[in-house]
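Here is a friendly walk through the structure shown below. Please keep the sequence and the model open as you read.

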Protein chains: 4
Amino acid sequence: MRNELLKNRNHDPRITYRGENATRLDNLTDAVFGIAITLLIFNLTNPNSFADLLTFTKTLPAFLISISFLVLIWNEHLAFSEIYSMNDTWLTILNTIFIALVIFFVYPLRFLTLFLTNNFFNTDIDVSINGDQVPYLMVYFGFVAFALYFVLYLFYQRADKTKQELNLNTFEEFYTKQQKSRLLIMLSMPLLSIIITLIINEFSFIWASVIGGVIYNLYIPLIIIWNKKFKKKSQLHE
Amino acid sequence: MRNELLKNRNHDPRITYRGENATRLDNLTDAVFGIAITLLIFNLTNPNSFADLLTFTKTLPAFLISISFLVLIWNEHLAFSEIYSMNDTWLTILNTIFIALVIFFVYPLRFLTLFLTNNFFNTDIDVSINGDQVPYLMVYFGFVAFALYFVLYLFYQRADKTKQELNLNTFEEFYTKQQKSRLLIMLSMPLLSIIITLIINEFSFIWASVIGGVIYNLYIPLIIIWNKKFKKKSQLHE
Amino acid sequence: MRNELLKNRNHDPRITYRGENATRLDNLTDAVFGIAITLLIFNLTNPNSFADLLTFTKTLPAFLISISFLVLIWNEHLAFSEIYSMNDTWLTILNTIFIALVIFFVYPLRFLTLFLTNNFFNTDIDVSINGDQVPYLMVYFGFVAFALYFVLYLFYQRADKTKQELNLNTFEEFYTKQQKSRLLIMLSMPLLSIIITLIINEFSFIWASVIGGVIYNLYIPLIIIWNKKFKKKSQLHE
Amino acid sequence: MRNELLKNRNHDPRITYRGENATRLDNLTDAVFGIAITLLIFNLTNPNSFADLLTFTKTLPAFLISISFLVLIWNEHLAFSEIYSMNDTWLTILNTIFIALVIFFVYPLRFLTLFLTNNFFNTDIDVSINGDQVPYLMVYFGFVAFALYFVLYLFYQRADKTKQELNLNTFEEFYTKQQKSRLLIMLSMPLLSIIITLIINEFSFIWASVIGGVIYNLYIPLIIIWNKKFKKKSQLHE
C-alpha cells in the first residue's frame, strides 16, 4: 500500500521487497536488539545519590558509540530481511546464531563503554585492564565482528542458493552477488586485524594495539571502491 | 483498511499517513520504550517482606509522573513516524540517538521517582541529595529534555528536506513547518531554564531551583498561542 | 484478509473489528506485559547449585496462578483494542495509567508467588509476613485489581462517548454499554472486599482475611447472571 | 500480498495460512521469548575486568546449545500459529501455560550453560552438582521438555476439535492429525527418559545418567520414519 503512495526513499525500484511486513522472526530479532540496547547501560551504575547520577551522565558519549555498533548490525539484518524475507529453516538457524552473537556483542560493548568513559573523563568506574591486554581485547572485538559479518554473508549466500524459489530477477541476482562481495570486505578486515595484532604482539603490545586498530581504516577506501563498482555495474541493469 | 471503515479520530484528512503500518525501526523503538518503562521501577526495591511492599506502593504517584514523561516523548515519535514513515539512513541515525537519549532519561527519572516518593511520604528509601545540588539536577533534566526535543526537531527538519521524495502536498508542507516551530518552543524552554538556573545559582541555590522550575510554566501560554495560530492558518488549506 | 477466509472463532459478526491490526500503542503494551511476565519470576532465586534449581521448580504452580492474573488483564486490553482501536489522546493517557498499574501488579504478584510456594512446599524462600498483616495484603491486592478494572471501565466509557466518531452501530452501542456494566461488577468486588476486610479487621484479623477472600466468589454468580442477560438482550439485535 | 509475489519456500500450497499476520498473542509470546533468550546469559557474570570478559567468552558454545532449544520450541509455536491463527479462549489459556513453561525452561538452561562451559573449559564459574544429582537433572529437563511438547500437542488437539469453524480442508485435517502423532513422539521420549532414568538410578546413578541421555537419540529414527510416512500419505492429497 505504502509502495503505491510513494517510492520509498531507500528502496530500489528494480528490487521486489518480499519481506516488507515484518515476520515473527524479525519481531523476535527486534525484541532481542531492543533488550540488548537497553541492557547495554543498565545496571552499569545504580544512581542513588546525585554524584552517581553525574558519573552515569559521563557514559553518554561512549554509550552512543556502543549503540551505533548494534544499530549498524541491526540495519544489515533489516536490509536483508526486507528484500528476501525470513522464512526458511536455514535462515532460522543462521538467525539463531546471529541473535546469540548480538547478545555476545553486548558484554564487550558494555566493557568498551566503561573503558572509553574512563578515558574520556577519568571517572571512578572500576575497569581493570593492563596495557598488554589491549591487543587481546582487539582480537576479541575482531572475532565478534568477524563472526557477525560471516553470518550475514551466509544469509546472502543462502538467498543466492535459493534464487529460483525466490524468483530473483537479473538485477536482484546481481545485487545479491554484490552484497556478498561487500560482506567479504566487511568480514576480512576484522580477520586481518586479528592476524596482524597477534603477529606484532610478539614484539610489542603497544604497536600491536595501534596497528590492529588502524587497519579498520581500510574500510573507508575499500567500501568507496566497492560502491563505485556497484553503481557502475548496476547502471547496466537499467 | 481501517481508514476505509472510519475516519481515525486523531487523524487529519488532509494528511496522508505514510507510516500507518509500523516499520521495524518503530518496533525496535517500541521495544526499547517498553523495557525502559518497566525498568523505571524495577529493582528499585526488592520486596520480600510486607513492609517492603508497602514502601514500594508509595512509589506509585511518583511513578505515574515519571512514566508520563516517557509516554509524552513516545507519542512525539509516534506522531512523526505515522505521517512520514521511518526508512531513511538519516532517520535511522537520528532514531539511534533518540533511543540512546530515552534510555538515558530513565535513570534520572528513577532518581526523580525515588526523590518525589521521599518528599510525598517520608519513606526510608535512600536518596542523598543536598539542597545546593538541586539546581544541577534541574540542569541535568533540562539538558536531556532539550536533547530529546532537538532530535525530534531534526526529524521534522529531515522530513522538510525530503519533501519532494515524500510527495508532501501543500498542507503537509505547512504542517511540517508548523511542527518545526512547535518543537523550537519545546526545546527552547529547557535551554532557557538551564541558563537562568546557572546564572541565579551564582547568588542563591534556592531561588535558582525555584525559578528554574517555574520557567517550564511558560509552555502553557506558548503552546496555546502556537495552537491558535496553527488552527487559524490551517483553515486556509481547507 | 483473514476475515474473508474464515469467520474468526471469537469474533461476533455484528461487530466491526476496527483495531484488528495492532497499533503501536498495542505493541508498547504487549512489550510491557512480556517483560512483566518474564520478570515475575526472574531474579527470585539465582540457581547456581542443584538444590537452588529444585527450590526454583517449586515456584511453578504459584507462578501459573500469578501469570494467569496478568493474562486475564491483558485479555481485557486485547478485547477492547480489537473492537475500538487505540488512537486517541484520552485512550493514550488511560493506557499509560493501565501500563503503570500492570507494572505495579507484578511486585505483589512476585510476593504472592513466593508466599504461595512457601505454603505449598515449605521451601526456604525468605518471605516474612505476620498473620495480622494478611488483611492489609488483601486490601493491597484489592486496590490494584479495583484500579485496573476501573481504568478498563473508563476505556469503554471513552468508547461510549465517542460512538459517533467511531460510527458504532446499534449492536455495538448495546455491546459497549453491556461491557461497562460487566466491568462495574468486576471493579465493585475488590472494593467490597477492601471495605469488609477493613471493618472486620477491627475485631479479628483471621476472620477479616477469610471473609475478604471469600467475597471474590461472588464473581461467579454475578458474571453468570450478567452473561444470561447479555445473551438474552443481544438476541434482539439479530 | 507476499503470497502473490512468490510461493513462500517453507509453505505448503495445499494449506491456507490463516495466521500469516502475527496476532497480539503472537507478539506477546515473541516478547517473552526475546527476553528469555537475552536473560539466558545476562547477569551470569559481570565483566568489569578483562579476565571476566575471557571467562564470559567461554560460555559461547554452551550458550549456542541452550539458545537452540529455545528457538526449536519457538519454531513449533510459529508453525502452529501461522496455520491456525491464535484467537480462541482455549488457545489463550494453553498459550499462557506455554509462556510460563518457556520462562521455566530458561533457568535450567542457564544452569546447563554454566555446567557445559565448566565441562568444556574448566572455568572458575561456580556451579555445584554432584554425580548422583545428574539423574535428577535429567529428570528435570525431561519434565520441562515433556510439558512443553504436551502443551503443543494440546494446541493441535484444539485445532482438530475446531476444524469445522476453521474450515479445514481434507489435506489440512490430515496435516493436523499427522502433527499430533509427531508431537506424541516428541513428548513420549522425555517421558521414557524420565522413567528409565528413575528405574536405573536405583542401581547406579552413572548408568542412569548415560542411558537417560542416550534415549533421546531415538528421536532420529522415529522422526525419519514419521517423515517418510507423512510424505507418502500426503502425496495422496495432490
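Which loop holds Asn201(A)? Asn201(A) sits in the loop between helix H8 (170-200) and helix H9 (205-214) of chain A. Helices here are DSSP runs (H or I, at least four residues) and strands are runs of E (at least two), numbered from the N terminus.

Before going further, a word on the ground rules. This is a predicted model, in which local features need pLDDT of at least 70, side-chain atom pairs count only at pLDDT 80 or more, and totals for chains, interfaces and linings use all residues. Residues are numbered from 1 along each chain as its sequence is written, chains are lettered from A and ligands numbered from 1 in the order in which they are written, and side-chain values use heavy atoms, with hydrogens and water left out.

**Chain A**

Back to Asn201(A): its relative accessible area is 17%, so Asn201(A) is buried. The cut-offs for that word are under 20% relative accessible area for buried, over 50% for exposed, and partly exposed in between (1.4 Å probe, protein chains only). Leaving aside residues up to four places away in sequence, Asn201(A) touches Pro135(A), Tyr136(A) and Ala208(A); a contact means heavy atoms within 4.5 Å. Ala100(A) is 101 residues from Asn201(A) along the chain, and 30 Å separates their C-alpha atoms.

As a whole, chain A has 10 helices and zero strands. Of its 238 residues, 59% count as buried. Among the contacts in chain A with a separation of 6 or more, 80% come from residues 24 or more positions apart.

One helix to look at is H2 (residues 24-39) of chain A, whose 16 residues reach 22 Å from the first C-alpha to the last, close to the 22 Å expected at 1.5 Å a residue. That expected span is 1.5 Å times one less than the number of residues. In H2(A), 16 of the 16 residues are buried, so this helix is largely enclosed by the rest of the structure.

**Two helices in chain D**

Two packed helices are described by the angle between their axes and the distance between the axes. In chain D, the axes of helix H4 (residues 60-84) and helix H6 (residues 134-161) come within 11 Å and cross at roughly 5°. The axes are lines fitted to C-alpha atoms, for helices over the stretch in contact, with angles from 0 to 180 degrees between N-to-C directions. H4(D) and H6(D) are therefore roughly parallel to each other (under 35 degrees is roughly parallel, over 145 roughly antiparallel, 65 to 115 roughly perpendicular, and the rest oblique). From H4(D), the residues that meet H6(D) include Ile73(D), Phe80(D) and Tyr84(D), and their partners in H6(D) include Leu148(D), Leu152(D) and Phe155(D). By class, this contact of H4(D) with H6(D) has 10 nonpolar, one polar and one charged residues. Here Ala, Val, Leu, Ile, Met, Phe, Trp, Tyr, Cys and Pro are nonpolar, Asp, Glu, Lys and Arg charged, and the others, Gly among them, polar.

**Aromatic pairs**

Over all chains, the count comes to 60 aromatic pairs. Rings of Phe, Tyr and Trp (its six-membered ring) pair if their centres lie within 6.5 Å; planes under 30 degrees apart are stacked, over 60 edge-to-face, and the rest tilted. Two of these pairs are set out here.

| Pair | Centre to centre | Angle of planes | Kind |
|---|---|---|---|
| Phe63(C) and Phe104(D) | 5.5 Å | 45° | tilted |
| Phe69(C) and Phe105(C) | 6.5 Å | 70° | edge-to-face |

Phe63(C) lies in helix H4 (residues 60-84) of chain C and Phe104(D) in helix H5 (residues 89-121) of chain D, so this pair joins two chains. Both Phe63(C) and Phe104(D) are buried. Phe69(C) in H4 and Phe105(C) in H5 of chain C are 36 residues apart, so to speak linking distant parts of the chain. Phe69(C) is partly exposed at 38% relative accessibility, whereas Phe105(C) is buried at 6%.

**Loops and chain neighbours**

Asn167(B) has a phi near 55°, a positive value in a residue other than glycine, and lies in the loop between helix H7 (163-166) and helix H8 (170-201) of chain B. Asn167(B) is exposed, at 51% relative accessibility. Chain A and chain C do not touch, and their nearest C-alpha atoms are 9 Å apart.
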